[in-house]
Amino acid sequence: MNSLTMRWWLIGYASGDSTIQVWGLRTSTANPAIARRLEKILGKPWRRKAFNDGHHRKPLYVFKISDPEIIRIVEEIRAGKFPKASRKAIEAWLAGYLDADGCITPLKSSMAGYLFSVDWGLARLIIKLCEKIGLKASVSVMARRGRELRKNPIFRIYARPLDDLPSVKIQSFYNSRHK
């Protein structure tokens, strides 16, 4: 994977799963495959050990993003403004966001997925980007958790086909099927 694709994948991942700190952005994952990709880009993570308390059963890999350009782009995207980018950059961003805040669903002939957001502006931006690169996308609102109303509804964006996205989750799925 080339450096531009890796950079846009990281921006997508950070758009979906990072917190602002004084020194930059902090992102984390419990998925070892995603941790390996983040490590290639960002270097060694801080690793929280797994606990056997029923809550933290897997180790957590925590990474620091201090590149000011990446931080600026992530903040713009969270504000609903996506910079001019090529189709490959948009695909890489969607793949990173899918790996951070999404799940995949294999269909008979292709791969589909759900991307989640509590921010309606970001959900609209994701739909617009999907449509821009020719993916079919629709949105639904998850306003309840069981019988209780959620404090903040979750927007669930269904998109397909996702087979060409450079997503760790998609690659891991296909690799596991061909073993």
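Contact here means heavy atoms within 4.5 Å. The views below show a predicted model.

View 1. Leaving out residues up to four places away in sequence, A100 touches Y13, G16 and D17. The relative accessibility of A100 is 16%, so this residue counts as buried, the cut-off being under 20%. L162 lies 62 residues from A100 in sequence, and the C-alpha atoms of the two are 15 Å apart in space.

**View 2. Packing of helix α1 against helix α4.** Helix α1 spans residues 3-16, and its axis runs 6 Å from that of α4 at an angle of about 40°. That angle makes α1 oblique to α4. The crossing in which α1 passes α4 is right-handed. On the α1 side, the contact is made by T5, W8, W9, I11, G12, Y13, S15 and G16. From α4, the residues taking part are A89, A92, W93, A95, G96, Y97, D99, A100 and D101.

**View 3. W93 and the largest nonpolar core.** This core comprises 48 residues, of which W93, L94 and I126 touch the most other members. Helix α4 supplies the largest share of the core, with 9 residues. Apart from neighbours within four places in sequence, W93 is in contact with W8, W9, I11, G12, S15, I77, F82, L122, I126 and L129. In soluble globular proteins, nonpolar side chains tend to be buried together.

**View 4. The open sheet of 4 strands.** The strands are arranged in the order β5-β6-β8-β7, and their pairing is antiparallel. The edges are formed by β5 (102-106) and β7 (136-145), each of which pairs on one side only. On average, and with direction ignored, neighbouring strands of the sheet are turned by 25° against each other. Strands of a sheet pair through backbone hydrogen bonds, either parallel or antiparallel.

**View 5. Pairing of β5 with β6, and the helix packed there.** Strand β6 covers residues 111-117 and runs antiparallel to β5, to which 5 bridges join it. Within this pair, I104 stands opposite G113 of β6. Helix α4, residues 87-101, packs on the sheet and touches both β5 and β6. The direction of α4 makes about 70° with that of β6.

**View 6. The hairpin of β7 and β8.** These two strands pair in the antiparallel sense over 9 bridges. A137 stands opposite A159 in β8. There are 2 residues between the strands of the hairpin, where G146 takes a positive phi near 65°.

**View 7. Helix α5 across the sheet strands.** Helix α5 is formed by residues 120-132 and lies across β6, β7 and β8. Strand β8 spans 148-160, and α5 runs at about 10° to this strand.

**View 8. Crossing of helices α2 and α6.** The axes of α2 (residues 32-42) and α6 (residues 168-177) come within 10 Å and cross at roughly 125°. The two helices are therefore oblique to each other. In passing α6, α2 makes a right-handed crossing. The residues that meet are A33, I34 and R37 from α2 and V168, K169, Q171 and S172 from α6.

Key. Residues are numbered from 1 along each chain as its sequence is written. This is a predicted model: local features need pLDDT of at least 70, side-chain atom pairs count only at pLDDT 80 or more; totals for chains, interfaces and linings use all residues. Side-chain values use heavy atoms; hydrogens and water are left out. Two strands pair if DSSP finds at least two bridges between them. Axes are lines fitted to C-alpha atoms, for helices over the stretch in contact, and angles run from 0 to 180 degrees between N-to-C directions. A nonpolar core is a set of buried Ala, Val, Leu, Ile, Met, Phe, Trp, Tyr and Cys residues joined through side-chain atoms within 4.5 Å. Buried means under 20% relative accessible area, exposed over 50%, partly exposed in between (1.4 Å probe, protein chains only). Angles under 35 degrees count as roughly parallel, over 145 as roughly antiparallel, 65 to 115 as roughly perpendicular and the rest as oblique. A crossing is left-handed if the near helix is turned anticlockwise from the far one by less than a right angle, and right-handed if clockwise.
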